Amino acid sequence: MLYEYLLPALGGSKTAWDELMAFINQNYEMEEKWDTKKPSSEYRNELKFRRGGKTLLALYLRDGFFEVNIIFGKGEMEKFEQSRSDFSAEIQKIYDDVEICHGQKWMFIEMYDSSLLEDIFKMLLIKREPNRK
């Protein structure tokens, strides 16, 4: 993986990072694009997973944790609503608290440990069906 020197900053969230990377690599063929040169430190150390011009998710390395950014469009919001009881109360709250902007919900989920990983996996499956054979 590129930029492995950045990963020690993840602290206790490194196990969650590793499990998320394993899930993505097992299920999706994606281009990984690191951006460590943006001028705003808020979005420095960004890793995007993209295919066909569409982003599956973006990850932001922080000090001691990382953030997952998943963007749902109208169809994905409908799928989430149909299965919302399958998600933790924390994910439901994040979803509900995000306002729709230009027909999308931009959800930022802070990951300090693996407790929300199953929810993240389900959200990714809503976002895009696995394409790895």
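Start with the sheet: five strands, open, in the order 1-2-3-4-5, with antiparallel pairing. Strands here are DSSP E runs of at least two residues, helices are H or I runs of at least four, both numbered from the N terminus, and two strands pair if DSSP finds at least two bridges between them. At the edges sit strand 1 (31-35) and strand 5 (105-111), each pairing on one side only.

Before going on, a word on the source: this is a predicted model, where local features need pLDDT of at least 70, side-chain atom pairs count only at pLDDT 80 or more, and totals for chains, interfaces and linings use all residues. Residues are numbered from 1 along each chain as its sequence is written, and side-chain values use heavy atoms, with hydrogens and water left out.

Now select strand 1 and strand 2 (residues 46-51), an antiparallel pair with five bridges. Click Glu-31 and you'll find Arg-50 of strand 2 opposite.

Move across to strand 4 (residues 66-72), which pairs with strand 5 in the antiparallel sense over seven bridges. Show Ile-70 and its bridge partner in strand 5, Met-107. Then bring up helix 2 (residues 74-83), which packs on the sheet and touches strand 4 and strand 5 (contact means heavy atoms within 4.5 Å); its direction makes about 105° with that of strand 4. Helix 3 (residues 89-97) touches strand 4 and strand 5 too, at about 145° to the direction of strand 5. For these angles, axes are lines fitted to C-alpha atoms, for helices over the stretch in contact, and values run from 0 to 180 degrees between N-to-C directions.

Next stop, the aromatics. Which kind of pair do Trp-17 and Trp-34 make? Their ring centres are 6.3 Å apart and their planes at 35°, so the pair is tilted. (Rings of Phe, Tyr and Trp, the latter by its six-membered ring, pair if their centres lie within 6.5 Å; planes under 30 degrees apart count as stacked, over 60 as edge-to-face and the rest as tilted.) Trp-17 is in helix 1 (residues 14-27) and Trp-34 in strand 1, 17 residues apart.
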